[in-house]
Amino acid sequence: MLNTFAKWMSVMLAATCAGCASRPAYTVVEGTMLGTTLRAVADVRDVGKQQLYAAIMELDREAKASMSIFDEESLLSRLNRNETDSIDRHIAYCLALADSIGALSDGRYDVTVKPLVEAWGFAGKARTAEPNIDSLLQFVGREKVAIRDGRLIKSDPRVQLDFNSIAKGYTVDLLARLVESLGARNYLVDIGGEVRCRGLNPHGQAWRIGVETPFDGNMSDGQYLQKRIAMSDGGLATSGNYRRYYLDGQGRKMAHTIDPRTGRSTLSRLLSVTVAAATCAEADALGTMFLAMGADDALQAIERMPNVKVYFILAGNNEEEYQEYISPAMQALIMEQR
């Protein structure tokens, strides 16, 4: 009997150890990237934490050198100053994707919005006290730029590009590609709350991503969450006007989401837009587009886009009350509240 019990225990222990061995080990890297928070959790093989961090920082330098409007020496800044017309693969990709999203937006999504963003003080420079919006609108419009033979052609030299609505999501995708190239099959990469994931988390479950409660000034970084989303593949981005805003001299809220048609902040009862998509760049751009549309137009647009996965948080009847809209395609990703 003792021999039988010993054999049974040996089999159970072997099975348990085999199960432990089959669960991948995860490397976690945290820090800053693109001037905001960075977190990467990945089952990279034969790559140490310092090596992974170094590779990520090299990608950070590459992305900022290409697409940053805050770095005066970036390629995008030099294009905006007309010091060059040669583009790289990053700018070509973002401009092409911006075109495809812009075609859905009825003019509400346009990356030539930089003169307006800068005038209102959301491009790293002091805002203009009374910007002449009508004069600035002359230089805004996607039809005013084109790419020919790897060069950016402008109809007016005062046209400028701003990829802040897409570049972070695109860089998240580049980061995902990086960890995959290092052997990761399961990972979550997060830059400033924009996410790309694949496979399972260290507990063997889908990755869980929180959506923040969009009250003005919420800088808690996850302390106040409205919903949690479970994902095993794809990108996720949230856009809102509850962090990047200021009050003007008359106490009016000025938010960083600018309507390219009017040249002014878009403010509506739509407080937060979360989009899940195949790539984080696509989710990033769509989130900005819906937010710029405002509540009513965004809800109407969703009816024409049944496959889009969106979660809207809208203002309720008082400051502590919210209304929600979850598209049918998004419903399966929303976790039950506990």
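Visitor: What makes the reach of helix 7 close to the expected one?
Guide: Helix 7 covers residues 167-181, 15 residues in all, and reaches 21 Å from its first C-alpha to its last. The expected span is 1.5 Å times one less than the number of residues. That gives an expected 21 Å, so the reach is close to it. Helices here are DSSP runs of H or I, at least four residues, numbered from the N terminus.

Visitor: How far can the model be trusted?
Guide: This is a predicted model, where local features need pLDDT of at least 70, side-chain atom pairs count only at 80 or more, and totals for chains, interfaces and linings use all residues. Residues are numbered from 1 along each chain as its sequence is written, and side-chain values use heavy atoms, without hydrogens and water. pLDDT is the predictor's confidence in each residue, from 0 to 100. Its mean is 88 for the protein.

Visitor: Which residues make the contact of helix 2 and helix 7?
Guide: The axes, lines fitted to C-alpha atoms over the stretch in contact, come within 11 Å and cross at roughly 150 degrees. Contact means heavy atoms within 4.5 Å. L52, A55, I56, L59, A63 and M67 of helix 2 meet A167, Y170, T171, L174, L175, L178 and V179 of helix 7.

How values were computed. Helix = DSSP H or I, 4+ residues; strand = E, 2+ residues; numbered from the N terminus. Axes fitted to C-alpha atoms, helices over the stretch in contact; angles between N-to-C directions.
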